[in-house]
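Colleague: I have not seen this structure before. Could you take me through it?

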Amino acid sequence: MVRRGAPSRPSEAEPLEEAPHAPSSLAARKIQEQHWGLDPQQFDERSVAETIASLSGPVFGPRGWFRIDVKGAERIPVAPVMLVSNHSGGTIIPDVWGFMWFWYRHFGTTRPLHPSGHELIFANQRLGRWFARRGVLHANPASPSTCSPAGGAT
């Protein structure tokens, strides 16, 4: 039985408590969890691959609800690169997810994309962790400079 609001996949489950003597104490973990979306290293290839796979077919792709048509991808330079665009707005943003879907199908998960996200999605610990693992960073002027050393795209 799955509880409402419970993680749907083992990879999304809460981390197990560590022994009190462990260097990564619960207090240190709580401080780190409050800062989801600030570090591009929170990107998790496996989480992205699972998300892209779940969006392929029913949502995006030739038989999906939204057909994605990106032109000029061959002109995107190697990392680091900053892509600038806007989206349709609101809470339903299929254009952002569609571009991410295209990006990872075209470049693979070894070339992370770090779109910026509103602080509201990082205010909730579960949502913040979910988006951070997929490369989303807090929207702020420093985000592009934090991605450059990691070789990501913003």
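This is a predicted model: local features need pLDDT of at least 70, side-chain atom pairs count only at pLDDT 80 or more; totals for chains, interfaces and linings use all residues.

Colleague: Noted. How many helices and strands does the protein have?

Modeller: There are six helices and two strands. Reading from the N terminus, the order of the elements is α-α-α-β-α-α-β-α.

Colleague: And what share of the residues is buried?

Modeller: Of the 154 residues in the protein, 34% are buried. As for contacts with a separation of 6 or more, 63% of them are between residues 24 or more positions apart.

Colleague: Which residues touch the most other members of the largest nonpolar core?

Modeller: They are Trp97, Trp101, Tyr104 and Phe122, in a core of 20 residues. Helix 2 (45-55), helix 3 (94-107) and helix 5 (125-133) each contribute at least two residues to this core. Helix 3 gives the most, with six residues. As general background, nonpolar side chains in soluble globular proteins tend to be buried together.

Colleague: Let us stay with helix 3, then. What is its span from first C-alpha to last?

Modeller: Helix 3 has 14 residues and spans 19 Å between those two atoms, close to the 20 Å expected at 1.5 Å a residue. After helix 3 comes Gly108, which has a positive phi, near 85°.

Colleague: Which residues of helix 3 are buried?

Modeller: Trp97, Gly98, Met100, Trp101, Phe102, Trp103 and Tyr104 are buried there. The buried residues of helix 3 pack against helix 2 and helix 5.

Colleague: What is Trp101 in contact with, leaving aside its neighbours within four places in sequence?

Modeller: With those neighbours set aside, Trp101 contacts Ile52, Leu55, Ser56, Phe60, Gly61 and Ile68.

Colleague: A change of topic: how many cavities of 30 Å³ or more does the structure hold?

Modeller: It holds one. The volume of the largest cavity is about 40 Å³.

Colleague: Which residues line the largest cavity?

Modeller: The lining is made of Val48, Thr51, Ile52, Trp97, Met100, Tyr104 and Arg134. Helix 2 and helix 3 are the elements that give two or more residues to this lining. By type, the lining residues divide into five nonpolar, one polar and one charged.

Colleague: Arg134 interests me. How far apart in space are Glu50 and Arg134?

Modeller: Their C-alpha atoms are 10.0 Å apart, while in sequence Glu50 and Arg134 are separated by 84 residues. Glu50 is found in helix 2.

Colleague: Is Gln42 buried or exposed?

Modeller: Gln42 is buried, because its relative accessible area is 14%, and buried means under 20%. Gln42 lies in the loop between helix 1 (26-33) and helix 2. Apart from neighbours within four places in sequence, Gln42 contacts His35, Trp36, Gly37, Ala132 and Arg133.

Technical notes:
Residues are numbered from 1 along each chain as its sequence is written. Side-chain values use heavy atoms; hydrogens and water are left out. A nonpolar core is a set of buried Ala, Val, Leu, Ile, Met, Phe, Trp, Tyr and Cys residues joined through side-chain atoms within 4.5 Å. Buried means under 20% relative accessible area, exposed over 50%, partly exposed in between (1.4 Å probe, protein chains only). Helices (H or I, at least four residues) and strands (E, at least two) are DSSP runs, numbered from the N terminus. Contact means heavy atoms within 4.5 Å. On a 1 Å grid over the protein atoms alone, a cavity is a set of points where a 1.4 Å probe fits but cannot get out, and a pocket is an open set with protein on both sides within 12 Å along at least five of seven lines; lining residues have an atom within 4 Å of a point. Grid points are joined across faces, edges and corners, and a volume is the space filled by probe spheres set on the points. Ala, Val, Leu, Ile, Met, Phe, Trp, Tyr, Cys and Pro count as nonpolar, Asp, Glu, Lys and Arg as charged, and the others, Gly among them, as polar. The expected span of a helix is 1.5 Å times one less than its number of residues.
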